[in-house]
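Let's take a look at how charged side chains pair up in a protein. Have the sequence and the 3D view ready as you read.

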Amino acid sequence: MDVCPVKGWVYQPVSGFESHLLRELSGGEAPRQIGPFYLSKTPPFSRDSAAPLVPRNVVFWFQNCWLEPFRAVFASISEAASILRGIQRNWAAALFTQYRRGALIAQKLPPLPAKRRPFPWRAPDSPMGAWTLLDARTLLASPRCASPFPNGTLEFEEDKTRPPSRAYLKLWEAFALSGAMPGAQDRCLDAGASPGGWTWVLATMGAAVVAIDRAPIDNALVAMPNVSFIKHDAFTMKPEDIGPIDWLCCDVICYPPRLYDWIEKWLASGLCKNFICTIKMQGEPDFETTRRFAVIPGSRVTHLHHNKHELTWIYTAQQPPPPAPANWTPNT
Ligand SMILES: C[S@@+](CC[C@H](N)C(=O)[O-])C[C@H]1O[C@@H](n2cnc3c(N)ncnc32)[C@H](O)[C@@H]1O
């Protein structure tokens, strides 16, 4: 058996947005394409001079990033599986070639839950690895990845009748990822609420919800005793107009700088503890505003599995740092 670390990080791009990732990785040496993945010397995190132990994410347009990649040459299917099993339990296959051989290796690994997740659900603390085959005898794998979900994907048991839009899946995923979520004692603001998927999530969790939109919200939500709807431009509402809130959730379609300016006011006001905001790209991705969000201490910007041409900024009072391994050091 021949195992050796790979210098750099393996990025699994978001399907359809590969060019965004390549632009983010274009600063130094060109990334090497490996099947659908990119091996790059650009780390997904950088050190913040004010808090050098806290890695801060600086690459955003990926589905998953392999943080400790290694290559291993193996002689048999059993040996490949035992290399992986000998490191840890959870391994997600990300095959792009050698499918039959890969399936045989996967059969010898502990199974990952195949079922859709019920909500509420939070990612377990145990690390989620990823592996692929480069050829019939070579594994490329990483025991630590940026996403706690297999290959960065999370599928829920959907509610196909009650929520008025499928946008609710984004909010569920953001809560599952952050590990924090509102409860019955919390007051939430949902900006850009209509037709009401996010308001439905918050209200069914028992929170008091102030929903704001210029368009009407679903009638069934207006009828809920813990939902109040304001038909208004969210960005002309000042934090003081709303008062103290535990969660600000915003899914407004707007240019990212408009959202940033409004969020800055909320942060300055000290009136909100937790934020989940969609940064929606209008045409070209706005890398500059994305970075401005990402440097807000204690927060992260990520591409959720349920995001489309958008990213999600998450800032929670008990925000865990981005998922770098404990012994993380830049390996450039
Ligand atoms: C993607 S939809 C939100 C979907 C919603 N989160 C859900 O779960 O159903 C975006 C919403 O932003 C609203 N919107 C756009 N500009 C706005 C503004 N300045 N103030 C309030 N709402 C706005 C639109 O009317 C639209 O309903």
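What follows is a short tour of the salt bridges in this predicted model.

Start with the background idea: side chains of opposite charge can pair when their charged atoms come close. In this structure, there are 13 salt bridges. Here are three of them, with the distance between the N and O atoms.

| Pair | N to O distance |
|---|---|
| Arg 122 and Asp 125 | 3.7 Å |
| Asp 233 and Arg 258 | 3.5 Å |
| Lys 273 and Asp 246 | 2.9 Å |

**Arg 122 and Asp 125.** How accessible are these two? Arg 122 has a relative accessible area of 48%, so it counts as partly exposed. Asp 125 is exposed, at 72%.

**Asp 233 and Arg 258.** This salt bridge links distant parts of the chain, with the two residues 25 apart. Asp 233 sits in the loop between strand S14 (227–231) and helix H7 (239–242), while Arg 258 belongs to helix H8 (residues 256–269). Arg 258 is partly exposed, with 42% relative accessibility.

**Lys 273 and Asp 246.** Is Asp 246 buried or exposed? With 13% relative accessibility, Asp 246 is buried, whereas Lys 273 is partly exposed at 48%.

**A network.** Salt bridges can also be found joined up here: Arg 116, Glu 155, Glu 158 and Arg 166 are connected in a network of them.

Methods. Residues numbered from 1 in each chain as written. Predicted model: local features only at pLDDT ≥ 70, side-chain atom pairs only at ≥ 80, totals over all residues. Heavy atoms only, no water. Salt bridge = Lys/Arg side-chain N within 4 Å of Asp/Glu carboxyl O. Buried < 20%, exposed > 50% of the residue type's maximum accessible area, 1.4 Å probe, protein only. Helix = DSSP H or I, 4+ residues; strand = E, 2+ residues; numbered from the N terminus.
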